[in-house]
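Thanks for coming. I will go through one model today, starting with a local detail and then turning to the contact between the chains.

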Amino acid sequence: MRLLFILTALIILLPHHALADIVVIVNPRSSITALTHHQIIDIYMGRNPGLADDKKLQPYDQALDSTIRSEFYYGITGKPASAINAYWARLLFTGRASPPKSVADDSAILDIIEKNPMAIGYLDRRYLNDQVTVVYTIKRQDQKEPDAELQNTQLSDTLPVTEKP
Amino acid sequence: MLRLLSFLLTVLVMLPLGQHAQAFDLGTDRLRVSGFGTLGLTWGGKKDYGLQKEFIHDPQFGGVSILTDSVFGLQVDFNIAKNLDATIQAVAEDRIRQDFNNIVDWAYLSYKPTANSVIRAGRMGVDLFMLTEYRNVGYAYLWTHPVIEFYKPISLSHYEGFDFRYSRRIKPGYFEFKVFGGQTGSDIDVGSGELNLRMRPFVGFNTSLEDNDWKIRLTYTTTNTAFIKAPADPLVNALNRVPQALWPQAAALHDRLKGVDTQTHYFSAGFSYDKHNWVIQSEFALITSRWVSIDMTNGYLSAGKRIGPVTLYTVGSYARSNSQPRVDQNQIASADLQGLAIATQNLLNAVHIDQNTVSLGMRWDFHPRAALKMQWDHTWTRKHGGGLLELNKPLDHDITLNTFSANLNFIF
């Protein structure tokens, strides 16, 4: 009886829908086909990722208060958006680097990547098309309420990642 | 009241530019206007023992002050050409001298000869310890204010000169090395009046290694006090005029109190860690100088835990003078020198530092660009150890002070 109760509770608590992975994308004209976890961190945290001059990338961010931005940074750094925002304030106001330019949503990211061979961005895999190249994937864990989970940072310390599409 | 008005006036002058920050940012890739601010309330200090979080501020002898933590800054970054940028940062805060020279905190050109290196020239932020470059940007750090025992002794905000920074990823993490040189100075409030300080050459280096979760940092800086004008100058000069035969110790005491032509060395080590929602940071410094006012050792350890959007934290800090020269009455051969001897001992007591603070606080990140913070500081200051306070009378017994601060920090 007790086992039955636990199983029933687990079924109720199981996620009702699965979220698509977050993919990091570049323009197909870029000579880059894959990036490492460290390179993604360096690109999005204002550091030099060690790419050759002809492979330099200009990062684009999703909206500051968007869920996908929180999930993206949590996926690559294991830190909540508030910590990332404070980190960028340190870089900006010590003159070290300016944060990536923000755009409104996934379609705006796609639009920029399709047009700009030096741009790099990230979006929900569901919005992916064949006009861009995936260079890195962040697997999302199934979760019922991603916002609440992220706010409470109850996710695993680092979301599982794959380095190639 | 005058200082509040001058602060508000400076903010009002800067506000119109700040209002257009977002528009500039969106309008062009080459020009970026951004800013930061803290609106703070502080309860602290006692009738005779003033709280002063930075030497440029007006000390607070009890009651509530809006000036102690409040600050407003604007930064303009302009891309002049490929790999060449210009940056200007202006900061409005309570300061003893509210003039253009002090308000413009940074104005420099930066050039990137390679992807791993940057050369800057002009007026830049002093980069002695982990927070010294962004101590005004409350949003960028955890506490309501930088740790007083560690950051107050550094009254220097900017320097004019150059720096060269090299950084690259190596196997253990991201490595950075920076060397800098130039001149610096500050105009500060030491209670009994204004102290003007000019230091040159001001040279040093710092190096750091960081990865996603941790950072270690080492620094060394040395500088010579080229000029000083202080309220204690008449006393210090009088010591210099005392004949050796009448008071042999006077020359040595003059040497420890004069400040000018004194070489000071700053050594520091810092560490930060941010993982599993634990946020830990610690720094220790050794400042060695013949000038007794700044010859000290200090440090702090801060630990915080993020619980959703709220971070709860505690900080423990200390500052101690490395030496405590005293007037030796047995060496004084003339009764006429007793008054000078007493005044000298009072000055030595007033600049001596022996202080600890334990703080508890919380930061609430309620908005992507704003955070609310509250903090309680409990400070123990030993008898004749109040060099970090503003004293209306000699500190002839141990005291404790409680400080409450609440502030709203934002960036735009």
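In which strand of chain B does B:Pro201 lie? B:Pro201 is in strand β10, residues 194–210. Strands here are DSSP runs of E with at least two residues, helices are runs of H or I with at least four, and both are numbered from the N terminus.

Before going on, a word on the source: this is a predicted model, in which local features need pLDDT of at least 70, side-chain atom pairs count only at pLDDT 80 or more, and totals for chains, interfaces and linings use all residues. Residues are numbered from 1 along each chain as its sequence is written, chains are lettered from A and ligands numbered from 1 in the order in which they are written, and side-chain values use heavy atoms, with hydrogens and water left out.

B:Asn83, in the loop between β4 and β5 (84–93) of chain B, has a positive phi of about 70 degrees, although it is not a glycine. Most residues other than glycine have a negative phi, and most peptide bonds are trans.

Now the contact, meaning heavy atoms within 4.5 Å. Chain B brings 40 residues to it and chain A brings 30 residues. The buried area is about 3100 Å², with 47% from carbon and sulfur atoms; that is the accessible area (1.4 Å probe) that the two parts lose on being put together, summed over both.

Six salt bridges link chain B and chain A. A salt bridge is a side-chain nitrogen of Lys or Arg within 4 Å of a carboxyl oxygen of Asp or Glu. One of them joins B:Glu176 to A:Arg96, at 2.7 Å from N to O. On the side of chain B that touches chain A, several strands supply at least two residues each, among them β8 (158–170) and β9 (173–189). β1(B) gives the most to that side, with four residues.

How many salt bridges are there over all chains? The count is 35. One example has the side chains of A:Asp21 and A:Lys139 meeting at 3.5 Å, N to O. A:Asp21 lies in the loop between α1 (2–13) and β1 (22–26) of chain A, and A:Lys139 in the loop between β5 (133–138) and α6 (146–152) of chain A, so this pair ties together parts 118 residues apart in sequence.

That is all from me.
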